Amino acid sequence: VEDMAALLKTQSICIFPEGTSTIGKSVQSFKPNLFEAAVIAEAPVCTLALAYFDRYTGEHSEVPAFIGDMGLIGSMASILKNRRLRVELTFFAPAKNPPSIPIDRKALASHTQEQIALHLEKRCN
């Protein structure tokens, strides 16, 4: 955590705080401990939602779903083979609290999870 916090002083880090994956229409609970380095470094946390669609039909795609016993190589092969896949990235502004209320890792995890969950609910269902 200390090494990541030091790195955050000069660089960005991308984490996947779910700890698992789904078919992409919802999110599981986020792991607050993955946000600790950002809290220590007082680095802004920008939420990014990923959503996958069929480029022709516009329907949600489960092609990139990484679930069950699937391995990384199998998942990557599935994604690379599918020429119909369209990825949608949605960026959200960093979480902010009033100066008198410090942001902690649990608040960051909850805030980012809620942002993505609400977005996917509107976008993919």
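**Close-up views of a predicted model**

**View 1. Met4 in helix α1.** In this predicted model, Met4 has its place in helix α1, which covers residues 2-7. When neighbours within four places in sequence are set aside, the residues in contact with Met4 are Ile13 and Ala37.

**View 2. Met4 and Ser61.** The C-alpha atoms of Met4 and Ser61 are 33 Å apart in space, while the two residues are separated by 57 residues in sequence.

**View 3. The largest pocket and its lining.** The volume of the largest pocket is about 1200 Å³. Its lining is made up of 44 residues, of which Ile15, Phe16, Pro17, Leu48 and Leu50 are the closest to the pocket centre. At least two lining residues come from each of α2 (36-41), β1 (48-54), α3 (72-81) and α4 (105-124). By residue class, the lining of the largest pocket contains 30 nonpolar, 13 polar and 1 charged residues.

**View 4. The second largest pocket.** The second largest pocket holds about 190 Å³ of space. Its lining consists of Ala38, Val39, Glu42, Ala43, Pro44 and Val45, together with Pro94, Ala95, Lys96, Pro102, Ile103 and Leu108.

Key:
Residues are numbered from 1 along each chain as its sequence is written. This is a predicted model: local features need pLDDT of at least 70, side-chain atom pairs count only at pLDDT 80 or more; totals for chains, interfaces and linings use all residues. Side-chain values use heavy atoms; hydrogens and water are left out. On a 1 Å grid over the protein atoms alone, a cavity is a set of points where a 1.4 Å probe fits but cannot get out, and a pocket is an open set with protein on both sides within 12 Å along at least five of seven lines; lining residues have an atom within 4 Å of a point. Grid points are joined across faces, edges and corners, and a volume is the space filled by probe spheres set on the points. Helices (H or I, at least four residues) and strands (E, at least two) are DSSP runs, numbered from the N terminus. Ala, Val, Leu, Ile, Met, Phe, Trp, Tyr, Cys and Pro count as nonpolar, Asp, Glu, Lys and Arg as charged, and the others, Gly among them, as polar. Contact means heavy atoms within 4.5 Å.
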